[in-house]
Amino acid sequence: MNATTAEQTRLYAVTDWYDAEALLTIEERQVLARLREFLDREAGPLLADFWERGEFPQQLAQPLIDLNLMEPFEAPARGIYQGFRIFELARTDASLATWYTAQAGLFRTAIRVGASPEQQREWMPKVIDFSLKGVFSLTEPESGSDIAGGLATTAHRRSDGSWVLNGAKRWIGGAATADVLAMFARDVADGQVKAFLVDRKSDGVMLEKIHGKTSLRMMQNAHITLDGVRVPEAMRLHHVNSFRDVAAMLRAMRSDVAWIAAGIQAGAFEAALRYVSGRTQFGRPLGSFQLVQEKLARMLGNITASLSLVVRLTEQQANGIYRDQDSALAKMQTSLFMRDTVALAREVVGGNGITLASDVARFHADAEAVYSYEGTHDINALIIGRALTGESAFTR
């Protein structure tokens, strides 16, 4: 590959804050470059308007699917490519990243980990091409961090082998446009958690959009009520028989959120850098002031440290090592860095940092949701602390 070709395939050469090219193949860079071009050209101009309206830009959904990002290669996509795919989406918008990852991360993981081999053969190709769209439905109105012990949705097995589900789920992103809801419920017979693919249009399934959000406004989150919903045994995920099986899914998905946190930082940083490079104050470019440069340097340090964490975690998982404390550490620390980075970005943009025109305000607000979902800071810290000390500090 000559120097000209190498330069054309670079994605991160402008600020040089991470040498991703050393980690990605030429083919992976080309796919990510197509994604970036689409996001910059088609998505970017829509985001402020749809964010303010609290609606998802549905006209982007099918074109994003048509980009064939989930498995664009003959061989299965590598974890490092999947991570940078999330990063690119989040660099543009957190809701877009959350929407795509709901299918490519959460729902796909539910099938990969929870379905039997026979179920996977039937469902996984449809998950990959989005002909079977699903969402991960775990959180409940009264249980988030304590869902392991507090899960209240029930599943009752009937004499004919089918199941009846009752209960409620909350904060389920993308539920209104999903075909099926990957629903977790406690079996009344043995008290163990089971999982089911529930047809969104089944009798007894009621969806309500959650209004009044100040974060991830484009992502459509739903409150779901289940009232005597019938589900056949064939639609139960046969490898989910306890919360331990659910925890295996969460362990994998938490690393995706750490990638989102890294991408949000990149988007906020780049928006702030553009602003201070073009804004003049006191007769000088805003970027020429010492205090502004110090904040830019801190943002860059946060992003570089975050990428180091998520890249290392992804490499470890590629070698088959999945540990709760590792994904918890990555999610906890990248989220801390993210909060600091978006605050610094908003600060250097000044009063314009609270308007959607600069993009910084969107990243600043959306970071708060990412800081909390897939494990709050406190819960992740306790997972790490348990691994360090051998003592569990979780209350019972």
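This is a predicted model: local features need pLDDT of at least 70, side-chain atom pairs count only at pLDDT 80 or more; totals for chains, interfaces and linings use all residues.
Ground rules. Residues count from 1 along each chain as its sequence is written, and side-chain values use heavy atoms, without hydrogens or water. Local features need pLDDT of at least 70, side-chain atom pairs count only at pLDDT 80 or more, and totals for chains, interfaces and linings use all residues.

Start with H6, residues 94-114, and H7, residues 117-128. Helices here are DSSP runs of H or I, at least four residues, numbered from the N terminus; strands are E, at least two. The axes of H6 and H7 come within 10 Å and cross at roughly 175 degrees. Axes are lines fitted to C-alpha atoms over the stretch in contact, with angles from 0 to 180 degrees between N-to-C directions. So H6 is roughly antiparallel to H7 (over 145 degrees).

Who meets whom? From H6, Gln 103, Phe 107, Arg 108, Ile 111 and Arg 112; from H7, Gln 120, Trp 123, Met 124, Val 127 and Ile 128. Contact means heavy atoms within 4.5 Å.

Next, Gln 265. It sits in helix H9, residues 243-278. Gln 265 is buried, at 0% relative accessible area (buried is under 20%, with a 1.4 Å probe and protein chains only). Beyond neighbours within four places in sequence, Gln 265 touches Asn 302, Ile 303, Ser 306, Thr 334, Phe 337, Met 338 and Thr 341.

Last, the record. UniProt, in an unreviewed entry, places "domain: Acyl-CoA oxidase/dehydrogenase middle" at residues 136-229. Such annotations may be inferred rather than shown by experiment. That span is 4% helix and 49% strand, and its end C-alpha atoms lie 17 Å apart.

Technical notes:
Angles under 35 degrees count as roughly parallel, over 145 as roughly antiparallel, 65 to 115 as roughly perpendicular and the rest as oblique. Buried means under 20% relative accessible area, exposed over 50%, partly exposed in between (1.4 Å probe, protein chains only).
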